[in-house]
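Subject: Structure for you to look at

Hi there,

Here is the structure I promised to pass on. Please open it alongside this email, and then read on for my notes.

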Amino acid sequence: MNLALVNIGQLATCPPDNRQLDAGLISQAALVVIDGHVAWSGPESALPPEFADLTRHDCAGRLVIPGLVDCHTHLCFGGWRGDEFEMRLAGRSYQDIQAAGGGIASTVQSTRETPPPELKHKARAALDGMLALGVTTVECKSGYGLDFDNELKQLEIYADLESSHPVSLHATFLGAHIVPPEYAGDRESYIDLLCTRLLPEIARRGLARFCDAFVEKGAYSLDEARRILTRAGELGFALKLHADQLSDGGGA
């Protein structure tokens, strides 16, 4: 793609050495794209003559910014939990809702029951909306399957969307979200499933770049998360952590 964006009201260049509040704004700007890469940017009055014959897109004085990055999403999931907002407003804690069968466990059940085409359609619709708002890169977590087949199901959907949607996806394996209900009395067996079957299979197939774990009351202890993330690191995953979201559990 070769294109010149002209009549930009303000162009945010976001130089890496600028202060956070300084977006490197250029007024009355132009930007040149050659073969999908930014080749030049600056005041439109200084647009080099070698770009004069490029196709031009009139931005009509709008603000032009780099693509936004959403670095923490749970993109693929079944069901919806809008009713829980009402519960929270009424004073119930996240832990109370989860203990009553809501929260993560509720979405796990819905995700397991939802067929892959429906999950993919829902995730694609979310990506379409995000792209319309300027989001071009998304980190997307699993963690709502919590068994061998359904964790892979989510990650396979991400792989398919990455190859077929304009938004760039970076998948994270979050099998250590909570301990699924069927393993409530045998946590060790579930952690063994993560470490000996799921992590090696995901690594072999290249389905996720990152591994995440949730250190929190009602989720995983420090020792459990350390075991899972150590194994993930050995397999080449970059590491993430949900920590100290609802209580001070020492995760950070």
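Below is what turned up, starting with the salt bridges and moving on to the pocket, the surface and the cysteines. Please keep in mind that this is a predicted model.

**Salt bridges**

There are 13 salt bridges in the structure. One of them joins the side chains of R112 and E182, at 2.8 Å from N to O. R112 sits in helix α3, while E182 belongs to the loop between β8 (168-176) and α6 (187-205), so this pair ties together parts that are 70 residues apart in sequence. Both partners are partly exposed: R112 has a relative accessible area of 25%, and E182 has one of 45%. The pair also belongs to a network of salt bridges that links R112, D147 and E182.

D192 is in α6 and R227 in helix α7 (residues 222-234), so here the parts tied together are 35 residues apart in sequence. D192 is partly exposed at 33% relative accessibility, and R227 is partly exposed with a relative accessible area of 33%.

R204 is exposed, with a relative accessible area of 61%.

**The largest pocket**

The largest pocket has a volume of about 520 Å³. It is lined by 18 residues, and those closest to its centre are R81, E84, F85, Y94 and Y144. Two or more lining residues come from each of α1 (83-89), α2 (94-99) and α3 (103-113). Helix α1 gives the largest share, three residues.

**A nonpolar surface patch**

On the surface, L25, L63, I65 and L68 make up a nonpolar patch with about 360 Å² of accessible area together. L25 lies in strand β2 (residues 25-34) and is partly exposed, at 47% relative accessibility.

**Cysteines**

How many disulfides does a search of the whole structure find? The count is zero. For C14, the nearest cysteine sulfur is that of C71, 15 Å away. C14 is partly exposed, with a relative accessible area of 40%. The sulfur of C140 is 9.0 Å from the closest cysteine sulfur, in C76, and that is too far for a bond. C140 is buried, at 0% relative accessible area.

Best wishes

Terms used
Residues numbered from 1 in each chain as written. Predicted model: local features only at pLDDT ≥ 70, side-chain atom pairs only at ≥ 80, totals over all residues. Heavy atoms only, no water. Disulfide = S-S within 2.5 Å. Buried < 20%, exposed > 50% of the residue type's maximum accessible area, 1.4 Å probe, protein only. Patch = residues over 30% accessible without salt bridge, like charges linked within 9 Å, V, L, I, M, F, W, Y side chains within 5 Å. Areas by Shrake-Rupley, 256 points an atom, 1.4 Å probe, with all protein chains shown as cover. Salt bridge = Lys/Arg side-chain N within 4 Å of Asp/Glu carboxyl O. Helix = DSSP H or I, 4+ residues; strand = E, 2+ residues; numbered from the N terminus. 1 Å grid on protein atoms, 1.4 Å probe; cavity = no way out; pocket = protein on both sides within 12 Å on 5 of 7 lines; lining within 4 Å. Points joined across faces, edges and corners; volume = space filled by probe spheres on them.
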